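Reader: Please pick one part of this model and take me through it closely. I want residues, partners and surroundings, in one connected answer.

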Amino acid sequence: MGTSLGHADSGTLWLTTLVGLITIALSTYMILYSEPLYVKLGPRLVAFERKRPHRKLAVAAERHDLREADVIVVGLGRCGSRLALGLKEAELTVLGVEFDPKVAHALRRQGLPVRYGDGIAAEFLESLPLKDTRWVVSTLPDMASNRDLLRGLRELHFTGEVAVVAREDFDGAVLKGMGAPTILYPMRNAVDHAVEALTAIIRYDGAAR
């Protein structure tokens, strides 16, 4: 297009094409042989690495890691963090799993053991103390992540109990179809609790008058 519009001459076209063909061939070779190439070139690439990589810092900060847990809570958003902290206050051994390093760091400062990583990645799941864990609770918001987590736990032959948080009845039905044995409805439970509390206040106020 550039040549047809007169913005580039034929020499530039052939040079661009040649560079493209060479880089495509090299990238294919480097992908296929990435490990042996890294072994040879790794020591020379140290100069380009950050002295304090962000992810390594997050992993190094896992001072409260556990070898066993009563409950592993995967996903520490508003619902997951409140759930994990509440279970910890109930004197259960809780291990949180969170992909956001800021959230992980903040909860560690509150005394909650947190593993930083992708809770649905097979390699990461293998690193968790699943063998000595009684429950895994997922508060992940999307169905795809929960499906991958359930599949990963099955592949690792997890023998404990699994619970998944659902926002609505439809979500709960879908999760049941995926094989989630226990479905939690924190929003529904919160509303039911609010109704009971408000009803008691209204009745008490009416009786007082």
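Author: Val 71 has Trp 135 as its bridge partner in E4. That pair is our way into strand E1, residues 69-74. This is a predicted model: local features need pLDDT of at least 70, side-chain atom pairs count only at pLDDT 80 or more, and totals for chains, interfaces and linings use all residues. Residues are numbered from 1 along each chain as its sequence is written, and side-chain values use heavy atoms, without hydrogens and water.

Some terms come first. Helices (H or I, at least four residues) and strands (E, at least two) are DSSP runs, numbered from the N terminus. Two strands pair if DSSP finds at least two bridges between them. Buried means under 20% relative accessible area, exposed means over 50%, and partly exposed lies in between (1.4 Å probe, protein chains only).

Now the strand. In E1, 6 of the 6 residues are buried, so the strand is largely enclosed by the rest of the structure. E1 has E4 (residues 133-138) as a parallel partner, over 5 bridges. E1 also pairs with E2 (residues 94-98), again in the parallel sense, over 4 bridges. There, Val 74 stands opposite Val 97 of E2.

Step back to the sheet. Its 6 strands run in the order E3-E2-E1-E4-E5-E6; it is open, and the pairing is parallel. The edges are E3 (114-116) and E6 (182-184), each pairing on one side only. On average, neighbouring strands are turned by 20° against each other, direction ignored. That angle is between axes, which are lines fitted to C-alpha atoms (for helices, over the stretch in contact); angles run from 0 to 180 degrees between N-to-C directions.

How does the chain get from E1 to E2? It goes by helix H4 (residues 78-89), and the three make a right-handed β-α-β unit. Right-handed means this: with the strands pointing away from the viewer, the path from the first strand over the helix to the second runs clockwise.

Ser 81 sits in H4. Ser 81 counts as buried because its relative accessibility is 15%. A polar atom of its side chain lies 3.3 Å from the backbone oxygen of Arg 78. Such a polar contact is a pair of N or O atoms within 3.5 Å; within protein, one must be able to donate a hydrogen and the other to accept it, and residues adjacent in sequence count only if both atoms are side-chain atoms. Leaving aside neighbours within four places in sequence, Ser 81 is in contact (heavy atoms within 4.5 Å) with Leu 76 and Leu 107.

The loop between H4 and E2 holds Glu 91. Its phi is near 70°, a positive value in a residue other than glycine. Most residues other than glycine have a negative phi. Glu 91 counts as exposed, at 73% relative accessibility.

Now the other side, by E4. Thr 139 lies in the loop between E4 and helix H7. Thr 139 is buried, at 6% relative accessibility. A polar atom of the Thr 139 side chain lies 2.5 Å from the backbone oxygen of Gly 75. Not counting residues up to four places away in sequence, Thr 139 touches Val 73, Val 74, Gly 75, Leu 76, Cys 79, Gly 80, Leu 83, Val 165 and Arg 167. Among them, Val 74 is the residue that stands opposite Val 97.

H7 (residues 143-155) lies across E1, E4 and E5, running at about 175° to E5. E4 and E5 (residues 161-165) are parallel, with 4 bridges. Val 137 stands opposite Ala 163 of E5. Trp 135, the partner of Val 71, also stands opposite Glu 161 in E5. From E4 through H7 to E5, the β-α-β crossover is right-handed. E5 is largely enclosed too, because 4 of its 5 residues are buried.

The loop between H7 and E5 contains His 157. His 157 has a positive phi of about 60° although it is not a glycine. His 157 is exposed, with a relative accessible area of 64%.

Finally, the setting. The protein has 9 helices and 6 strands. Of its 209 residues, 29% count as buried.
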